[in-house]
Amino acid sequence: MSAEQNPTSAAESGGPEGPRPGRLVAAAALTALEGLALVVGGAWMLVEGFAGDPDDQRSAVTGGITLIVLALLPLLAARGLLGRRGWSRGPAVITQIMALPVAYNLLQADSVAIPAGIALGVVAIAALVLLVNGATTQALGIKGPGRRQESGK
């Protein structure tokens, strides 16, 4: 089979890009960290819903399951970033954009949530900067607007 009939990704073939840029790895790590935080939060809500004495058990369980399902987006995006999949940048950027209002709301609280809001805001902004960085977009094979894909013909 020719290379045109059996396309492989840059990560599988070693590709012309060479080693994975550190910025791409850092963006994937931050995105995965957010996904893991959602899993931990969801698991905590589930345990609290079943074993604890929440105000509303059904809401606690539903909230826990929702957080765990939402964690799939950043976790799959992080895996895609590490695998140099171009599609993975979109979900990773969406995750960061969704994290910013959450961070803002945490900053408005008069409690121990303020440091969590600061941390989430810093992580989201840092990940956004890393995701739109030129080295990251090049490593993912994302072309700028108006640029045509080069054909191997």
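**Figure 1. Gly90 counts as partly exposed because its relative accessibility is 34%.** Partly exposed lies between buried, under 20% relative accessible area, and exposed, over 50% (1.4 Å probe, protein chains only). The view is taken from a predicted model, in which local features need pLDDT of at least 70, side-chain atom pairs count only at pLDDT 80 or more, and totals for chains, interfaces and linings use all residues. Residues are numbered from 1 along each chain as its sequence is written, and side-chain values use heavy atoms, without hydrogens or water. Gly90 belongs to helix α5; helices are DSSP runs (H or I, at least four residues) numbered from the N terminus.

**Figure 2. Helix α5 and its packing partners α2, α4 and α6.** The 20 residues of α5 span 29 Å from first to last C-alpha, close to the expected 28 Å, which is 1.5 Å times one less than the number of residues. Buried residues of α5 include Pro91, Gln96 and Ala103. The buried residues of this helix pack against α2, α4 and α6, contact being heavy atoms within 4.5 Å.

**Figure 3. The largest pocket, with about 620 Å³ of space.** A pocket is an open set of points on a 1 Å grid over the protein atoms alone, where a 1.4 Å probe fits, with protein on both sides within 12 Å along at least five of seven lines; lining residues have an atom within 4 Å of a point. Its volume is the space filled by probe spheres set on the points, which are joined across faces, edges and corners. Of the 21 lining residues, Glu34, Ala37, Leu38, Val102 and Leu120 lie nearest the centre. Helix α2 contributes the most to the lining, with 7 residues.

Terms used. Helix = DSSP H or I, 4+ residues; strand = E, 2+ residues; numbered from the N terminus.
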